[in-house]
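Take a first look at the model below. Then read on with it in view.

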Amino acid sequence: MQAGPVRSICIVGGGTAGWLTAGILAARHGAGSGLQITLVESETIGIVGVGEGTWPTMRSTLKKMGISETEFFRECNASFKHGAKFARWVSGRESDFYYHPLMLPEGFPSLDLAPHWMKYSEAHRDAPSFSNAVCFQEALCESGLAPKLITTPEYAGVANYAYHLDAGRFAAFLRDHCVGKLGVRHLVDEVTEVIKSGDHLDAVQTAKSGRLGADLFVDASGFRSLLLGAALDVPFVDRSDVLFIDRALAMQVPYEDPQSPITPYTVSTAQKHGWIWDIGLQSRRGVGYVFSSRHTTTDAALTELRAYVGERHRDLQPREIKIPCGHRQTYWKGNCVAVGLSAGFLEPLESSALVLIELSAELLSTMLPATRETLTILAKRFNQVTQYRWERIIDFLKLHCLLSRRTDSNFWIDNRDPASIPESLKEQLALWRHRAPGDADFTSNCEMFPAASYQYVLFGMGFRMDTRQQAPERQLGEAQRAFAQNEALKARWTRTLPTNRELLGKIKEHGLQKI
Amino acid sequence: MRLVELSRSEHSGVRIRADRAEATAATQHLIPIVVSEFRKAAIQYPIVFAKHPDTGRFAPYVLSGLGVEENLFWSGTELDVTYVPLNVRRQPFYVGTGDAGAASVLCIDLDSPCLDASGTQRIVAADGSDSAYLKEMLAILSELVAGRVATEQFVTTVLRLDLLAPITLDIVLDDRTPLQIHGLYQLDEEKFRQLDAGELAKLWTRGYLDLLYALMISSGQIFRLIRLKNQRIALTRAWHA
């Protein structure tokens, strides 16, 4: 290995992982910094492209890349997302649902409404759900409203929001931006061989463009993990002992008519052996059943999926995808960083795929400029942070599964087996029997989910905590004002905000202003 | 508002009080203007930009009040100003699109307070031709119609160059209430000064440089509004004293 600064980065793979990484790196270390970014993608290998739900982080990611939000909506079939609705997760009954909105509870974190809400709900049978009592976003969701007005500037919101998008179109959109505006070099070619010396990648051999050398390589090659997995032998760590889902049946469902409402949140409906995602884009829905192949067969799963989408769509053929649950043992080895599916995959319950790409690319980006001598130090830090993030996502996903009281299959019963629950999560749950999740339970500066997210899931799923020593009388006035403020926000914004489809139509016609 | 197509025969008996046109602006704090009015408006009002609530598109307005539905220039009987915007003077006439859609037609607002039996203006002269009054109104309307396109083009250029910024004010009125302004935008002078010579030459050629300087000068008129507002506060106090 030669000494000196990292001057060139070669990204292998052109799905959303590759292009997001290219865009994030180029926006920060673009023209003038002396960093050359090349992305090579295969013409013959398609993208998996089921990552269609984002986090609110995508707004700042796109903004930093200099992308117009209007163009993004126009080109990527994108729509607004307020968060997620979890249906039939607790009892399995038709009426059973809760929300995980994207906004913090009113007053949080200086005021914690959770114990006040719980005391009230213990005393009143008709008490509102936790998310509805503390956050106005559920009301917007139930009315199908957008999170902003046509007069709200790009990337700003009345309510915090994320996106639903068409992953295929998104990758192409990012590609055009990266190549046209950010100076990323783009090669369409097949990687035929990876050339390395020890743990150091020297180059990738391509069919037409010859040998592509670089100081740093990004493996965005998808499940194949061509560089980190195949060439550098970093093993895959199977996590299906915790999370059982390993298959997906995905389909694209057309709307009844072009003016059908677009649901402004992801719907996740629990099934017998897993759950179904339902994501509303402008021109279609993306629907898929993720299930555990250890608990059911593809045919049985298909029957459940067909029952969900309805008789009308009986001719739609699903795509079956094997989704190995787990991640690489390390994410950075030598001079190679894996981003996206090549780093790992978890069921898409909390849209963690795209956000992990953003976070990994962002982390890599903040580590530059770097020299080749310091790569080992950076790799160590990158691996620590990334491993922590994967563990927190696994904990959080498991939380949804273990709190379910469904007994209609071994899938749900097995999910409550203590042997399948990570120690870190067991510890948290033991503490939360006595008090609500708070910021003190999450002490890293690389946390994935805030304490508020845990509150939404715990109390949405009927988790009980001992409130005897909580919700002091002296706080009652403050709590009542916060609950009232939430009601006022609900009344104001359900009156004012347009529907999701209406606003998307206006954005197509008039565009959003930058200011 | 009840707009109908103006008919020289059917509406020949209509009498109009032109002096009431200004009264229609008594409760308007924002009055839309076109670029051809910028220089005249700048000596009286701050010229600001605001977004249309239905489309989010920017358009220029004169600011005549500091609160919703407040016109600080309204004396009770007239607008105490040196320049009355075309959109006020054109009352009660409008340009609408006919049933066919293509051609624009002249309309009159039958609900306008300008329509009154005591009015001295008529739309047709004794000989049946258009009255001098109607000719003046037609000239105003044609300036507005032509101005709409020119104004949109100017706004597009201003936005392309990122020359607008939200108005921020840190002012406390005499009754100790802080003055809050939301949703109004003005020229970002710093960005304007950063434009390169090539861009400035283009603005000059299109006549936009004059407009931008008019915007810049007009921004100081906000202090006139603040003074008028404080005078009103003093008057109200005296009334209640």
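The paragraphs below go through the chains in turn, then through their contact.

This is a predicted model, in which local features need pLDDT of at least 70, side-chain atom pairs count only at pLDDT 80 or more, and totals for chains, interfaces and linings use all residues. Residues are numbered from 1 along each chain as its sequence is written, while chains are lettered from A and ligands numbered from 1 in the order in which they are written. The model scores ipTM 0.83 and pTM 0.91.

Start with chain A. Its C-alpha trace spans about 70 × 55 × 50 Å along the principal axes. The radius of gyration of chain A is 23 Å. Chain A holds 16 helices and 21 strands. These are DSSP runs numbered from the N terminus: helices are H or I with at least four residues, strands are E with at least two.

How much of chain A is buried? Buried residues make up 49% of its 515 residues. A residue is buried if 20 or more other C-beta atoms lie within 10 Å of its own, exposed if 12 or fewer, and partly exposed in between; the C-beta atoms are placed from the backbone. Contacts tell of links along the chain. Two residues are in contact if their C-beta atoms, placed from the backbone, lie within 7 Å. Among contacts in chain A with a separation of 6 or more, 77% are between residues 24 or more positions apart.

Chain A is divided into three parts: domain 1 (8-52 + 166-235 + 326-391), domain 2 (80-163 + 422-494) and domain 3 (247-322). Such bounds come from an automatic or database domain assignment. The C-alpha centres of domain 1 and domain 3 of chain A lie 30 Å apart. Where these two domains of chain A touch, seven residues of domain 1 are in contact with 10 residues of domain 3. The domain 1 side has four nonpolar residues, no polar ones and three charged ones. Here Ala, Val, Leu, Ile, Met, Phe, Trp, Tyr, Cys and Pro count as nonpolar, Asp, Glu, Lys and Arg as charged, and the others, Gly among them, as polar.

Now pick out strand E15 of chain A, residues 274-280. Six of its seven residues are buried. Which way does strand E14 of chain A (residues 266-270) run against E15(A)? The two run antiparallel, joined by four bridges. Strands pair if DSSP finds at least two bridges between them. A hairpin of three residues links E14(A) to E15(A). Val267(A) has Asp278(A) in E15(A) as its bridge partner.

E15(A) also pairs with strand E16 of chain A (residues 284-291), again antiparallel, over seven bridges. Three residues lie between E15(A) and E16(A) in their hairpin. Ile276(A) stands opposite Tyr289(A) in E16(A).

Further along, look for a cis peptide bond. Omega is near 0° from Leu368(A) to Pro369(A). Pro369(A) sits in the loop between helix H10 (352-366) and helix H11 (375-403) of chain A.

Turn to chain B. Its mean pLDDT is 92, and 98% of its residues reach 70 or more. pLDDT is the predictor's confidence in each residue, from 0 to 100. Chain B has seven helices and 10 strands. Its C-alpha atoms fill a box of roughly 60 × 60 × 30 Å along the principal axes. Of its 241 residues, 27% count as buried. Among its contacts between residues at least 6 apart in sequence, 71% join residues at least 24 apart.

Chain B has a cis peptide bond too, between Gln91(B) and Pro92(B), with omega about 0°. Pro92(B) is in the loop between helix H2 (86-89) and strand E5 (93-97) of chain B.

Two loop residues of chain B have positive phi. Glu69(B) has phi near 65° and is not a glycine. Its loop runs between strand E4 (58-63) and H2 of chain B. Is Glu69(B) buried or exposed? Glu69(B) is exposed, because 10 other C-beta atoms lie within 10 Å. Asp162(B) has phi near 55°. This residue lies in the loop between helix H3 (132-160) and strand E7 (164-166) of chain B. Asp162(B) has 13 C-beta neighbours inside 10 Å, so it counts as partly exposed.

Last comes the contact between the chains. Seven residues of chain A and 11 residues of chain B take part. The chain A side divides into three nonpolar, three polar and one charged.

Definitions and conventions. Rg over C-alpha atoms; globule rule 2.2 N^0.38 Å.
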